[in-house]
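Reader: I would like to go through this structure with you and ask, for each label you attach, what grounds there are for it.

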Amino acid sequence: MSKLNLKGMTRAQLVDKLAGIGKERYRADQVIRWLYLQRVREIDRMSNLSRACREHLKTFAFIGQLELVKEELSQDGTRKFLFRLEDGHTIETVLIADKNRLTLCISTQVGCRMGCRFCLTGRSGFERQLSAAEIVDQVIQVAEIIDPESLARGTISNIVMMGMGEPLDNFAEVIKALEIFMYDDGMQFSRRRLTLSTCGLAPRIVELGELVNVSLAVSLNAVDDTRRSQLMPINRRYNLAQLLAACRRYPATNQRRITFEYILFAGLNDSLEDAARLVELVGDLPVKVNLIPFNEHPELPFKRPDHQQIVDFVNFLQDHKVSVMTRRSKGADISAACGQLRAAETAGETISEIELEPET
Ligand code: SF4
């Protein structure tokens, strides 16, 4: 029987496993505390557990570790980490300093099979799913690197699942990781500090709302099915009507709105008619629209709208009472873009474009 990485085990799994060897429920909380608050790297160092209990734990579990391969620092303070997985694949994790927040953008898959036409990750194909432990460990590792003395999550204030991969295409492991991020005895992230970004797997959006209800970002990018299907093949499976119906069922509020990401492509989705249709589609939902003007890249066939076109589009949305933002880019000099916005990476727009929930 292969052993389980403790970093990817939920409390329920731990309780279950420990019960199997006759141990009480509270032992699971002790393990979680020592894993996240004391940051132990070996089961033998869990000195709050009896020696016998540690030996039992070692029969089914171990504490794994991502290997840091490289770190890059942008002029604006954005840091990009490259981690190697046990099988040799690598993933990127990006830390963005913004006002008084430290936001970590994590990956959920190696590659992606959604094939969005504007995304360089999508063009490079899919390798494999990340385990919950590999998702969670990105946060633990970065917290340790930036803040070796502190506990659990260190000074990381927000997590966005917006790195490489489509999180809802790795549903079970992503849900586990989100649960682990929220443990009171562990990293203690509130759901409003956790954002999941999706290209639009409609049924999973509804399930996500029912199970963990973290903040939601949806990559929209077009206002009719023909153009959206051209840009994002997922639209052939779940069209705009299905996507928006799922968003309507998501438990969002005006205090915690759904973010719709909309990359502006010249001549494709940037007209005032498109803006009007966008208002029609999402105007009655508690949403924020995040506009990301595309920047040209030799491998991609799209053009960036001119400045006036972008301004007119923004003004139209604002005039129609849609909350809209276009933001200063971060980490452009180290290509610190995430999978969801990998197209925009090439000229500088990055995950900092995503407006996060306000601080409390
Ligand atoms: S934009 Fe996101 S969902 Fe689409 S191919 Fe890229 S990583 Fe995958």
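Predicted model: local features only at pLDDT ≥ 70, side-chain atom pairs only at ≥ 80, totals over all residues.

Reader: Why does Q188 count as partly exposed?

Author: Q188 has 15 C-beta neighbours inside 10 Å; a residue with 20 or more is buried and one with 12 or fewer is exposed, so Q188 counts as partly exposed. Q188 is found in the loop between α6 and β10 (194-198), and Q188 too is a residue other than glycine with a positive phi, of about 60°.

Reader: Which residues of α1 and α2 meet, and how do they divide by class?

Author: On the α1 side R11, L14, V15 and L18 take part, and they meet R27, A28, V31 and I32 in α2. The residues of this contact divide into six nonpolar, no polar and two charged.

Reader: What makes α7 and α10 roughly parallel to each other?

Author: Helix α7 (residues 202-211) and helix α10 (residues 240-249) pack at an angle of about 5°, with their axes 8 Å apart. Because angles under 35 degrees count as roughly parallel, α7 and α10 are therefore roughly parallel to each other. Their contact is made by A202, P203, I205, V206 and G209 of α7 together with Q242, L243, A246, C247 and R249 of α10, and by class these residues are seven nonpolar, two polar and one charged.

Reader: Why is α5 called oblique to α6?

Author: The axes of helix α5 (residues 132-146) and helix α6 (residues 171-182) come within 8 Å and cross at roughly 40°. An angle has to be under 35 degrees to count as roughly parallel, whereas the roughly perpendicular range runs from 65 to 115, so α5 is oblique to α6. This crossing is right-handed as α5 passes α6. In α5 the residues A132, I135 and V136 meet E173, V174, K176, A177 and I180 in α6, which gives a contact with six nonpolar, no polar and two charged residues.

Reader: How do you know that the radius of gyration of the chain agrees with that of a compact globule?

Author: With 360 residues, a compact globule would have a radius of gyration near 21 Å, and the chain has 21 Å, so the value agrees. Along the principal axes, the C-alpha atoms fill a box of roughly 70 × 40 × 40 Å. The chain has 13 helices and 14 strands, and buried residues make up 46% of its 360 residues. Of the contacts between residues at least 6 apart in sequence, 67% join residues at least 24 apart.

Notes: Residues numbered from 1 in each chain as written. Contact = placed C-beta atoms within 7 Å. Helix = DSSP H or I, 4+ residues; strand = E, 2+ residues; numbered from the N terminus. Nonpolar A, V, L, I, M, F, W, Y, C, P; charged D, E, K, R; others polar. Axes fitted to C-alpha atoms, helices over the stretch in contact; angles between N-to-C directions. Parallel < 35°, antiparallel > 145°, perpendicular 65-115°, else oblique. Rg over C-alpha atoms; globule rule 2.2 N^0.38 Å. Left-handed = near helix turned anticlockwise from the far one by under 90°.
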